[in-house]
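Notebook open, structure loaded. I'm jotting down what I look up as I go, starting with one pair of facing residues.

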Amino acid sequence: MSNVPQQRLLQTAIPGPKSTALQARKTAAVSAGVSTGLPVYVERAGGGILVDVDGNQLIDFGSGIAVTTVGNAAPRVVDRVTAQVQDFTHTCFMVTPYEEYLEVAEALNDLTPGDHDKRTALFNSGAEAVENAVKVARHFTGRNAVVAFDHAYHGRTNLTMALTAKNMPYKHKFGPFAGEVYRAPMSYPYRWPGGAADCAKESFDAFVTQVHAQVGEDNLAAVILEPIQGEGGFIVPAPGFVKQVADWCADNGILFIADEVQTGFCRTGDWFASEHEGVVPDLITTAKGMAGGLPLAGVTGRADVMDSIHGGGLGGTYGGNPVACASALGAIETMKEEDLCGRAKQVEALFVPRLQALASTYPQIGDIRGRGAMLAVELVNGPGDLTPNAALTGAVNKACHAEGLVTLTCGTYGNVFRFLPPLAASDELLSEGLDIFEKAFAASV
């Protein structure tokens with residue numbers, strides 16, 4: 001267990017004077033392009049609490065954007081990382097390899113959906129994993145085109161910006177972007193023109209029609225899809241949509257890539273969100289929650305696909321760094337030993353009734369969605385008016401921050417409030433965080 005007291009404590013205004021002074025240094029030293037949602041400077045963290053330099057203890061509902069799923073400074077992570085740092089910090093796996101890389105690859109081959117023969121390559125970030133998955137798909141199929149979806153977020157590199165749907169702040173004035181990337185309509189039940197009941201069929205038909213007309217099946221290397229979209233608004237596709245897309249890909253010799261960078265590693269109540277959809281991807285990308293806070297990512301896929309790449313075609317100086325691999329092994333062990341898939345389902349059972357009760361009082365909550373400990377509410381103007389209410393979303397977020405609750409927003413329209421608590425946080429802490437959210441909502445409407 002963490003030695004950080006698991007209770008909220010406000011010693012100063014948020015942010016406090018020391019954080020404010022550090023933020024002034026940040027302004028003078030760091031590019032203005034690197035922004036901060038809540039400028040409190042963290043000194044220690046553990047479980048579900050962040051301790052800032054002013055001594056404030058904040059409840060964490062963000063997990064560093066779904067990264068510290070096992071909690072900050074989880075004991076097994078700390079122990080493995082400490083031992084690895086004492087042994088060595090780097091050799092470059094492509095120069096002189098080490099067993100820790102193999103252990104992580106073996107774990108990913110075992111844990112990801114499907115019992116087929118798999119291979120894994122490790123990288124540094126989710127964007128890098130996505131970029132390499134596309135490289136693999138193009139090489140294997142001999143085709144160039146890739147289809148992504150409306151509201152998708154896949155990263156900040158040139159290729160992954162092309163795959164990402166949202167312009168501001170991710171793509172604005174950063175082009176031109178990589179070519180042969182196409183976009184299809186997303187299955188978005190809450191906003192589907194034909195209504196949620198017909199969304200699965202109609203959205204799949206729209207996908208097939210558009211890809212056939214604009215791309216052509218024989219030109220398409222891969223379709224990439226987040227089983228639950230992240231930055232785009234925690235959009236859960238209509239039941240059956242993901243499976244239909246994956247099956248269509250298989251029928252047409254197209255690789256189906258599941259981007260599980262945010263949904264992976266117990267976050268949604270399964271090891272991977274694809275499992276809930278009954279889908280076995282050809283390639284799956286992972287990062288975020290895998291390594292307990294250290295930078296590590298992976299591409300795992302069919303052995304015939306991954307082994308089709310020529311020697312030296314995949315890699316990178318830091319990819320699969322031994323310290324990050326040690327951290328991942330500690331995090332995965334924690335997930336297994338503490339049944340964090342089960343814990344994510346408990347978090348869902350705690351959150352959803354509270355959010356439903358709030359929605360019954362405030363019609364500005366238009367939709368409650370998500371799975372496990374990846375949940376969201378979409379805010380609109382009110383009954384019959386689905387206009388995105390970004391102003392209210394921002395006001396609630398600001399009010400939560402002032403009371404020591406670290407929260408995040410998302411969505412193409414900036415009107416989605418997302419909940420990503422560490423699975424190490426106690427029910428008591430989560431309930432207190434929800435109390436703060438409810439009061440912030442009441443004060444902001």
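Predicted model: local features only at pLDDT ≥ 70, side-chain atom pairs only at ≥ 80, totals over all residues.

**Entry 1: a facing pair.** I started at Leu122, which stands opposite Gly298 in β10. Residues are numbered from 1 along each chain as its sequence is written, and side-chain values use heavy atoms, with hydrogens and water left out.

I also checked what the labels mean: helices (H or I, at least four residues) and strands (E, at least two) are DSSP runs, numbered from the N terminus. Two strands pair if DSSP finds at least two bridges between them. For β4 and β10 I found six bridges, and these strands run antiparallel.

**Entry 2: the whole sheet.** In what order do the seven strands of the open sheet come? I read off β4-β10-β9-β8-β7-β5-β6, with mixed pairing. The edge strands are β4 (118-123) and β6 (181-184), and each of them pairs on one side only. Neighbouring strands here are turned by 20° against each other on average, direction ignored.

At the β6 end, I saw β5 (residues 145-149) pair with β6 in the parallel sense, over four bridges. Phe149 is the residue that stands opposite Ala184 in β6.

**Entry 3: is β4 enclosed or open?** Why is β4 largely enclosed by the rest of the structure? Because five of its six residues are buried, and buried means under 20% relative accessible area (exposed is over 50%, partly exposed in between; 1.4 Å probe, protein chains only).

**Entry 4: helix α4.** I followed α4 (residues 99-111) and found that this helix lies across β4, β9 (283-286) and β10 (297-302), running at about 130° to β4. Axes are lines fitted to C-alpha atoms, for helices over the stretch in contact, and angles run from 0 to 180 degrees between N-to-C directions.

Next I looked at α11 (residues 322-337), which packs with α4 at an angle of about 40°, their axes 8 Å apart. That makes the pair oblique: angles under 35 degrees count as roughly parallel, over 145 as roughly antiparallel, 65 to 115 as roughly perpendicular and the rest as oblique. Among the residues that meet are Val104, Ala107 and Leu111 from α4, and Ala328, Leu329 and Ile332 from α11.

**Entry 5: Thr285.** I went back to the sheet for Thr285, in strand β9. It counts as buried, at 0% relative accessibility. Its side chain makes a polar contact with the side chain of Asp259 (3.3 Å). A polar contact is a pair of N or O atoms within 3.5 Å; within protein, one must be able to donate a hydrogen and the other to accept it, and residues adjacent in sequence count only if both atoms are side-chain atoms.

**Entry 6: Glu378.** Is Glu378 buried or exposed? I found it buried, with a relative accessible area of 0%. Glu378 sits in strand β12 (residues 374-382). The side chain of Glu378 makes a polar contact with the side chain of Arg369 (2.8 Å).

**Entry 7: Val406.** My last stop was Val406, in strand β14 (residues 405-406). Val406 is buried, with a relative accessible area of 14%. Val406 and Ile49 are 357 residues apart in sequence but 9.4 Å apart in space, C-alpha to C-alpha.

Terms used
Contact = heavy atoms within 4.5 Å.
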